[in-house]
Amino acid sequence: MLIHLSGRALFKISGSEAESFLQAQLSNDINKLNDSSVQLNAYCQHQGRIIALFWVMRFGDDFLISFPLELSSIIKTRLQMFVLMSDVVIEDVSNEYEQIGIIDDPN
């Protein structure tokens with residue numbers, strides 16, 4: 001069964017320092033992601049309070065992060081704060097892709 005995941009934002013994180021940038025920002029080891037896996041990550045304040053949970057996917061040399069749409073402006077602003085002089089581009093690609101979920105009965 002396919003389910004349209006409406007209400008989710010999708011950001012593309014690209015640039016030569018995208019992997020190290022996400023490694024420093026998120027809770028799990030981004031280096032362990034491959035092209036066929038999805039990783040759940042927490043995005044936290046410096047005190048440890050969770051701002052959002054992301055699904056992170058490797059997309060070639062880039063990364064896609066999926067999270068609730070209502071957090072879009074907060075996440076974009078906060079991530080952009082930490083880009084500074086890094087070669088990292090954060091792009092909202094929510095309207096360029098459809099997000100779907102698959103539920104499969106293994107029997």
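Guide: Buried means under 20% relative accessible area, exposed means over 50%, and partly exposed lies in between, with a 1.4 Å probe and protein chains only. This is a predicted model, where local features need pLDDT of at least 70, side-chain atom pairs count only at pLDDT 80 or more, and totals for chains, interfaces and linings use all residues. Residues are numbered from 1 along each chain as its sequence is written, and side-chain values use heavy atoms, with hydrogens and water left out.

Visitor: Why does Ser16 count as exposed?

Guide: Its relative accessibility is 64%, and the cut-off is over 50%, so Ser16 counts as exposed. Ser16 sits in the loop between β2 and α1; helices (H or I, at least four residues) and strands (E, at least two) are DSSP runs, numbered from the N terminus.

Visitor: What makes Val38 exposed?

Guide: Val38, in strand β3, has 54% relative accessibility, so it counts as exposed.

Visitor: Which residues form a nonpolar patch on the surface, and what makes a patch?

Guide: The patch consists of Val38, Leu40, Ile50, Leu53 and Trp55, with about 470 Å² of accessible area together. Such areas come from the Shrake-Rupley method with a 1.4 Å probe; for residues, only the protein chains shown count as cover. Patch residues have over 30% relative accessible area and no salt bridge; like charges are joined within 9 Å, and nonpolar side chains (Val, Leu, Ile, Met, Phe, Trp, Tyr) within 5 Å. A salt bridge is a side-chain nitrogen of Lys or Arg within 4 Å of a carboxyl oxygen of Asp or Glu. The largest share, three residues, comes from β4.

Visitor: Why is strand β2 called largely enclosed?

Guide: Because six of its seven residues, in the run 8–14, are buried.

Visitor: How do you know which strands pair with β2?

Guide: Pairing requires at least two bridges found by DSSP between two strands. Six bridges join β2 to β5 (residues 62–68), and the two run antiparallel. Four join β2 to β6 (residues 89–92), also antiparallel. Ala9 stands opposite Phe67 in β5, and Phe11 opposite Asp92 in β6.

Visitor: What makes a nonpolar core, and which residues touch the most other members of the largest one?

Guide: A nonpolar core is a set of buried Ala, Val, Leu, Ile, Met, Phe, Trp, Tyr and Cys residues joined through side-chain atoms within 4.5 Å. The largest has 23 residues, of which Ile13, Phe54 and Ile75 touch the most other members. β4 gives the most to this core, with four residues.
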